[in-house]
Amino acid sequence: MQKIIDFIISKSFRNAVCFIVFTFLITTAISSQNYFFQKVVENGISKRDIIAQKDIKVIDTKKTELHKKEVAQSVDPILTQAEDEFIISSLETLQKSVIKIREKNAPDNVKIDEISILFEESPGKSVIEYLLKSEDTDLNILFERAKVTLIGALNTGISAKDIENSNVKTIISKNIPITTPRGQISLITSLLNQVIVPNLVVDEFATEIAKKNAQNAVKPYEVIFKKGQKIVFDGEPVTKLKSDALRAAGYN
């Protein structure tokens, strides 16, 4: 008997009793909520009119998620520079090829054809003649200025959209050294049009972070049911929003 008494007054027994009582109360509360909810909703349809007894604020999760998706889609891709060394190397390779053709012991018409082949699109007769017949010093200066211009253009950044929208010529012209003679501007543009490709690529990780940050900044879309306002009517399909409103009103 003393052991029984000691057990009853022990801390472990009191904790066990408290746990059982708490579990019972929670279960009862949940059951009663489900009971009340089933009294007003059957197969997802309201069985009667429900009037808000107080102001109820609920979040429209559907509209909120839709807004988040719209915001994420409006975020521009984050671009990062790449391929700079490859593009600069392409210009240097073009220069070496031109020099090698100039040094060949071959007729001019053959050299003109070979220089033309170096370009995807014909740069024009005047450009080819300059590359073939200019002094070595002038040719080297031309390629040096082209390289300076190219580095400046790459630092500015060239995207695929720039090439699609024909913005490359503008980017090139803004980076040509101011000491460049007017006659060499078109030559430099022709050389760089041959080697320039987009050096800005999408940083997928940074873009995804930017989208998530934009989504997290979206404020939840709130709906307020004023006191006396009808939450649902008899026969109305109970949406997620209306279900949340009924829950806030104590029906679920």
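This report describes a helix pair and the nonpolar cores of a predicted model.

## Basis of the model

Local features require pLDDT of at least 70 and side-chain atom pairs count only at pLDDT 80 or more, whereas totals for chains, interfaces and linings use all residues. Residues are numbered from 1 along each chain as its sequence is written, and side-chain values use heavy atoms, without hydrogens and water.

## Packing of H7 against H10

Helix H7 (residues 136–156) and helix H10 (residues 182–195) have axes that come within 10 Å and cross at roughly 60°; helices here are DSSP runs (H or I, at least four residues) numbered from the N terminus, and axes are lines fitted to C-alpha atoms over the stretch in contact, with angles from 0 to 180 degrees between N-to-C directions. The two helices are therefore oblique to each other, a class left over once angles under 35 degrees (roughly parallel), over 145 (roughly antiparallel) and 65 to 115 (roughly perpendicular) are set aside.

H7 contributes Leu142, Phe143, Arg145, Ala146, Thr149 and Leu150 to the contact, and H10 contributes Gln184, Leu187, Ile188, Leu191, Leu192 and Val195; contact means heavy atoms within 4.5 Å.

## Nonpolar cores

The largest nonpolar core has 30 residues, of which Leu131, Phe143, Leu150, Leu191 and Leu192 touch the most other members. Such a core joins buried Ala, Val, Leu, Ile, Met, Phe, Trp, Tyr and Cys residues through side-chain atoms within 4.5 Å, buried being under 20% relative accessible area (1.4 Å probe, protein chains only). Helices H4 (84–103), H6 (125–133), H7, H9 (168–175) and H10 each give two or more residues to this core, with H7 supplying the largest share, 7 residues.

Beyond its neighbours within four places in sequence, Phe143 is in contact with Leu91, Leu94, Gln95, Val98, Leu131 and Leu191. Another core, of 13 residues, lies apart from the largest one and includes Ala52, Val223, Leu241 and Tyr251.

Key. Buried means under 20% relative accessible area, exposed over 50%, partly exposed in between (1.4 Å probe, protein chains only).
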